[in-house]
Amino acid sequence: MAKAKLRVASDRLNTPTDLNPEDVTKISHGLTVLLSDLFALYIKTKNFHWHVSGPNFRDYHLLLDEQSQQIFAIIDAVGERARKIGGTTLRSLGQAEGLKRVQDNNADYVSPLEMLKELRDDNKALTANMRELHSVTDEANDVSTTSLLEEWIDQSEERTWFLYESTRDATESGH
């Protein structure tokens with residue numbers, strides 16, 4: 001009986017696609033891990049946005065707000081892409097916690113510079129992880145997911161760049 005219910009449920013979620021079923025499984029799992037990372041990075045970026053302090057408060061506060069909005073905008077597209085190809089995706093925060101590669105920061109206080117450096121490194125790692133998924137989607141001839149990943153990689157590289165430039169001191173920048 002339980003097996004029959006499971007089959008009915010998976011049949012109802014089985015969106016038709018011309019992609020190989022094994023590729024759908026690999027890609028939807030990769031998208032689910034990416035989705036977990038994005039949720040974790042979004043929360044961390046908002047955490048730092050809410051808790052930044054000091055002389056550059058306004059600039060950092062606005063930068064982190066802008067970056068968190070960009071990350072949040074990607075989240076729905078990632079989950080929906082997994083469903084469009086016939087896969088499933090994230091169902092709970094617990095599942096996301098088990099899959100995410102972005103480390104939480106629950107410290108009572110983090111200096112603004114350390115916040116930016118940590119987010120810079122997180123975004124750089126996110127970029128590398130998306131490149132790995134890109135090679136999987138490209139090999140599977142999943143043109144749409146590959147194309148979306150290219151856009152998201154570009155956005156992640158830009159976030160890394162802005163955070164990097166914000167963490168450079170005056171001696172590094174030639175002043």
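These legends walk through several close-up views of one predicted model.

The model is predicted, so local features need pLDDT of at least 70 and side-chain atom pairs count only at pLDDT 80 or more, while totals for chains, interfaces and linings use all residues. Residues are numbered from 1 along each chain as its sequence is written, and side-chain values use heavy atoms, with hydrogens and water left out.

View 1. The chain has 6 helices and 0 strands, and from the N terminus on its elements read α-α-α-α-α-α. Helices here are DSSP runs of H or I with at least four residues, strands are runs of E with at least two, and both are numbered from the N terminus. Of the 175 residues in the chain, 42% are buried. Buried means under 20% relative accessible area, exposed means over 50%, and partly exposed is in between (1.4 Å probe, protein chains only). Now for contacts, meaning heavy atoms within 4.5 Å. Take those between residues at least 6 apart in sequence: 82% of them join residues at least 24 apart.

**View 2. Helix α3 against helix α6.** Two packed helices are described by the angle between their axes and the distance between the axes. For α3 (residues 57-84) and α6 (residues 143-167), the angle is about 165° and the axes are 11 Å apart. Axes are lines fitted to C-alpha atoms, for helices over the stretch in contact, and angles run from 0 to 180 degrees between N-to-C directions. That makes α3 and α6 roughly antiparallel to each other. The label covers angles over 145 degrees; under 35 counts as roughly parallel, 65 to 115 as roughly perpendicular and the rest as oblique. The crossing of α3 past α6 is left-handed, a word used if the near helix is turned anticlockwise from the far one by less than a right angle (clockwise would be right-handed). On the α3 side, look for residues including Y60, L64, I71 and V78; on the α6 side, they include L148, W152, R159 and F162. Sorted by class, the residues of this α3 and α6 contact are 11 nonpolar, 6 polar and 3 charged. Nonpolar takes in Ala, Val, Leu, Ile, Met, Phe, Trp, Tyr, Cys and Pro, charged takes in Asp, Glu, Lys and Arg, and the others, Gly among them, are polar.

**View 3. Helix α2 against helix α5.** Here the axes of α2 and α5 come within 11 Å and cross at roughly 165°. So α2 and α5 are also a roughly antiparallel pair, and their crossing is left-handed. Among the residues that meet are K26, L34, D37 and F48 in α2, and M115, D122, L126 and M130 in α5. The contact of α2 with α5 splits into 12 nonpolar, 6 polar and 5 charged residues.

**View 4. The largest nonpolar core.** A nonpolar core is a set of buried Ala, Val, Leu, Ile, Met, Phe, Trp, Tyr and Cys residues joined through side-chain atoms within 4.5 Å. The largest one has 36 residues, and L31, L34, L38, V78, M130 and W152 touch the most other members. Helices α2 (21-51), α3, α5 (112-139) and α6 each supply at least two residues of this core. Its largest share, 10 residues, comes from α2. Zoom in on L34: leaving aside neighbours within four places in sequence, L34 is in contact with V78, R101, L126, M130, L133, L149 and W152.

**View 5. R159, a buried residue in α6.** R159 sits in helix α6 and counts as buried, at 2% relative accessibility. Beyond neighbours within four places in sequence, R159 is in contact with Q67, Q70, I71, I74, N123 and L126. R159 and N123 are 36 residues apart in sequence, yet 6.8 Å apart in space, C-alpha to C-alpha.

**View 6. V102, a buried loop residue.** V102 lies in the loop between α4 (93-99) and α5, and at 7% relative accessibility V102 is buried. Leaving aside neighbours within four places in sequence, V102 is in contact with D37, A40, L41, K44 and D122. V102 and D37 are 65 residues apart in sequence but 5.7 Å apart in space, C-alpha to C-alpha.

**View 7. N141, with a positive phi.** Most residues other than glycine have a negative phi. N141 is not glycine, and its phi is near 60°, a positive value. N141 belongs to the loop between α5 and α6 and is exposed, at 58% relative accessibility.
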